[in-house]
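I opened my notebook to write down what I looked up in this structure, going from the sheets to the helices and then to the ligand.

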Amino acid sequence: MRNVHIIGAGLAGLAAALEFANAGYRVRLYEAGPQAGGRCRSYFDPVLGCLVDNGNHLLLSGNHAAMRFLDQVGGRAQLAGPGTPEFPFRDLKTNESWVVRPNLGRIPWWLFARGRKVPGASLAEFLPLLSMHRAPAGATVAEWLKPGELRRRLLDPLAIAALNTMPEVGSARLLGAVVHETLAQGGAACIPLWPHHGLSAAFIDLALARLKLQGARIFFASRIAAVTVEAGRVVSLAGPKGAIAIESGELVVMAATAPVAASLLPGLVVPDQYEAILNIHYRAEAPSGFVGLINSTAEWVFAKQGHVSVTISAGNRYVDEDPAQLATRVWPEVCAALEFGARPMPEWRVVKEKRATFAATPAQEARRPGADLGIANLALAGDYTATGLPATIEGAIRSGCTAANLLLLAARKFS
Ligand SMILES: Cc1cc2nc3c(=O)[nH]c(=O)nc-3n(C[C@H](O)[C@H](O)[C@H](O)COP(=O)(O)OP(=O)(O)OC[C@H]3O[C@@H](n4cnc5c(N)ncnc54)[C@H](O)[C@@H]3O)c2cc1C
């Protein structure tokens, strides 16, 4: 049995690990932190007295790689959601509410149906969406889409959430890729899903359990500090307990974050601008669900187990704001969104993920490396690699599978 050494136990590393374990490899997974999951994990918050996610993560049923990953580890049952494609919105300035309900099939008759469409939207606004994945590499979302109600009430919120970047600078092609795989496929690919008991329970814990069953060894607090490449192949890694020799025939997946990968692999060009995501958690109970907000600081409000949680993407705009001030400003928006009335603000926690994702601009997109760096026994994985998608769960998982399949194919060729 051959060894594969995987650096980083985020979703990309875990997805690669599962591919190798299924192919009969002995997996060695090195994680710098005390727990797996990277930017997709849960933890107990003592102020709120409950388990919270590092950020609210929304999936769509059209995220095929994510669904396959969940099916492999048995995590799909952990997902909650309305079970149909529906996206409730509320405009806090005008107090209007509407629910976008794409029909299940590919012909988008929902665009004309009252009770399903975006109020005030026109077909002319929808059409550019269908070819957006073929937009010129330098085009931004704002340049590609027509201004109008569809954009204001659906596409801009979607763009900010999916790209974690403002439409004025976000890549049209990257948003187009998301639309092409979800909205353009019909409502069946747009059913919103989120983990009921937290990200770790759905994605991470079950993946680790499965890997262990398949004989994988997972080393926490094991930061890889150097990668030695000689004659075009990795020959050793520097682990916390000394050098880890990479014998002939052994493989390596670099699935650490972009700056770490660039520091360990000289000459590697990676995206170097980031956008923050802010989450504000409040200790409050509400029936499970979510709502998108317009004309507010809060963008999405999720009602979860034991807490209500707000997401603000493209968060560099607010990242320096005092947390107490932010929580106080956003609480009345939460009350309006969930029809709480004027309730006093409960315990709260602001979580600022400053480097949540790379900024999904055309210039940053051009800096994304492929999985193959020309090092015979190494492949690169991570949401920042050239997946054709923005930095998402789907992109991270796909990158791990791509890296694994690249190495497995090469290994088969030479064996
Ligand atoms: C707040 C927030 C909200 C988000 N919301 C959504 C959403 O709604 N939908 C969606 O699809 N996506 C969302 N994302 C994006 C998604 O979480 C990421 O794209 C995905 O988790 C990235 O996975 P990764 O494996 O590429 O990287 P990471 O999760 O960063 O994993 C890299 C791992 O490598 C480890 N590591 C680093 N250096 C070393 C080293 N030297 N040695 C060993 N290990 C090392 C790190 O500790 C980490 O565990 C969100 C992200 C954030 C932060």
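This is a predicted model: local features need pLDDT of at least 70, side-chain atom pairs count only at pLDDT 80 or more; totals for chains, interfaces and linings use all residues.

In which order do the seven strands of the open sheet lie? Residues are numbered from 1 along each chain as its sequence is written.

I read the order as 8-7-16-17-18-15-19, and I wrote down that the pairing is mixed. The numbers come from DSSP runs counted from the N terminus, with helices being H or I runs of at least four residues and strands being E runs of at least two. Two strands pair if DSSP finds at least two bridges between them. At the edges I found strand 8 (97–100) and strand 19, each of which pairs on one side only. Neighbouring strands here are turned by 25° against each other on average, direction ignored; the axes are lines fitted to C-alpha atoms, for helices over the stretch in contact, and angles run from 0 to 180 degrees between N-to-C directions.

I then looked inside the sheet, where strand 17 (residues 300–304) pairs with strand 18 in the antiparallel sense over five bridges. V301 has V310 in strand 18 as its bridge partner.

A second open sheet has three strands in the order 11-12-13, with antiparallel pairing. Its edge strands are strand 11 (226–230) and strand 13 (242–245), each pairing on one side only. Strand 12 (residues 233–239) is joined to strand 13 by four bridges, and G239 has G242 in strand 13 as its bridge partner.

**Entry on two kinked helices**

Helix 5 (residues 149–163) has 15 residues and reaches 20 Å from its first C-alpha to its last, close to the 21 Å expected at 1.5 Å a residue; the expected span is 1.5 Å times one less than the number of residues. I found a kink of about 45° at L155, shortly before the proline P157, where the bend at a residue is the angle between axes fitted to the seven residues ending there and the seven starting there. Helix 5 is mostly covered, with 13 of its 15 residues buried. A residue is buried if 20 or more other C-beta atoms lie within 10 Å of its own, exposed if 12 or fewer, and partly exposed in between, with C-beta atoms placed from the backbone. After helix 5 comes N164, whose phi is positive, near 55°.

Helix 7 (residues 199–213) reaches 21 Å with its 15 residues, and a kink of about 30° is centred on D205. D205 is itself buried, and the buried residues of helix 7 also include F203, I204 and L206. G215 follows helix 7 with a positive phi, near 90°.

**Entry on N316**

Why does N316 count as partly exposed? I noted that N316 counts as such because it has 18 C-beta neighbours inside 10 Å. N316 is found in the loop between strand 18 (307–312) and helix 9 (323–337).

**Entry on the ligand**

I listed 36 residues around the ligand, of which the closest are G8, G10, G38, G55 and T392; a residue is near a molecule or strand if its C-beta atom, placed from the backbone, lies within 6 Å of it. Among the elements that each supply at least two residues of this shell are helix 1 (11–22) and helix 11 (393–414).
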